[in-house]
Amino acid sequence: MGKGGELSEGVLRKIVLSYTYVAIWIFLSFTVIVYNKYILDRKMYNWPYPISLTMIHMSFCSSLAYLLVRVFKVVEPVTMSWDLYIKSVVPIGLLYSVSLWLSNSAYIYLSVSFIQMLKALMPVAVYTIGVFFKKETFKSETMTNMISISIGVGVAAYGEAKFDTWGVVLQLGAVAFEATRLVMIQILLTSKGITLNPITSLYYVAPCCLVFLFFPWIFVEFPLLKETSSFHFDFLIFGTNSLCAFALNLAVFLLVGKTSALTMNVAGVVKDWLLIAFSWSVIKDTVTPINLFGYALAFLGVAYYNHSKLQALKAKDAQKKAQQADEESGKLLAEKEENDGTSKNDSQN
């Protein structure tokens, strides 16, 4: 009874910790999205410079990641040659920088709720690009699911009260570049046996992003900032905003490491609904019934996609366990036959 009680207490502790990790990730993700919207929106803090904001984030994250890896040695750096860095990390850094630039730019033109609805297209983009690069197998059932998600997002866009074409183009571009980045991580890093957690990822990728963002910044935003003589760098606003962005990366590391990537996907759906509710109730963004109906369709499609992924993982795991059991049975049978043969020879002698 005592052992059973201890086991129940251990399971309960694990459940509580898992929900705690999920809550921390949702809170930080929620905070970063709303904070970025607050800074970039012309009706709020009114600092519409997405490249500059992204560069501030990357500078802050690069510095902290360097301290954690090289000075405090919280995590070990990955063994990586310059050739591998140039061929693998640099392309990923380029895609990441453009993705962040476009996604932050979209906050100037679109509501938080509508941006979350458009982000539901991420599985569609990842699957499509994965099929193109032959990292995913084309299946008519999966493609039908992707089409249903796209239709749902299309209905949500049709019902958007403050539809802005340029903002939609920016956000769709951000989704496309981010999806390509995720596929490229599989092709360029994972296939070579290299895995980067969020800290080492920032350590290697953030400086690269900073370099790529510097060139458009010089021509696009630097002249505008130079003309704005009244601007002064608000260390409180930009410091806490950057700290939240870095903490979000740590929360991803914690959540995926202690639970699973699938848990984060499910938690992401909860976060999206919370953001839509917050956008409607606090920021006073207009959310129409058609918006919600379209997003609900897309949500069902994403939920089914996650369910299919889970079933595939379970089937793969069961197959692996069955294969291991067959191998162990084969070894035991071989050992038994060897022992029987030895005993027979001994009796003959």
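This is a predicted model: local features need pLDDT of at least 70, side-chain atom pairs count only at pLDDT 80 or more; totals for chains, interfaces and linings use all residues.
1. Ser97. This residue belongs to helix α3, which spans residues 82–109. Its relative accessible area is 2%, so Ser97 is classed as buried, the cut-off for that class being under 20%. Leaving aside residues up to four places away in sequence, Ser97 is in contact with Cys209, Phe212 and Leu213.

2. Thr195. The position of Thr195 is in a loop, with α7 (165–189) on one side and α8 (198–220) on the other. Thr195 has a relative accessibility of 62% and therefore counts as exposed, since that class requires a value over 50%. Although Thr195 and Val78 are 117 residues apart along the chain, their C-alpha atoms are separated by 8.3 Å.

3. Orientation of α2 and α8. Helix α2, comprising residues 50–71, packs with α8 at an angle of about 150 degrees, and the two axes are 8 Å apart. The pair is therefore described as roughly antiparallel, because angles over 145 degrees fall into that category. As to handedness, the crossing of α2 past α8 is left-handed.

4. Composition of the α2 and α8 contact. Sorted by class, the residues in this contact comprise 20 nonpolar, 4 polar and 1 charged.

5. Points to compare in the structure. For the two residues discussed, the assignments to check are Ser97 as buried at 2% and Thr195 as exposed at 62%. For the helix pair, the values to check are the angle of about 150 degrees and the axis separation of 8 Å.

Definitions and conventions:
Residues are numbered from 1 along each chain as its sequence is written. Side-chain values use heavy atoms; hydrogens and water are left out. Helices (H or I, at least four residues) and strands (E, at least two) are DSSP runs, numbered from the N terminus. Buried means under 20% relative accessible area, exposed over 50%, partly exposed in between (1.4 Å probe, protein chains only). Contact means heavy atoms within 4.5 Å. Axes are lines fitted to C-alpha atoms, for helices over the stretch in contact, and angles run from 0 to 180 degrees between N-to-C directions. Angles under 35 degrees count as roughly parallel, over 145 as roughly antiparallel, 65 to 115 as roughly perpendicular and the rest as oblique. A crossing is left-handed if the near helix is turned anticlockwise from the far one by less than a right angle, and right-handed if clockwise. Ala, Val, Leu, Ile, Met, Phe, Trp, Tyr, Cys and Pro count as nonpolar, Asp, Glu, Lys and Arg as charged, and the others, Gly among them, as polar.
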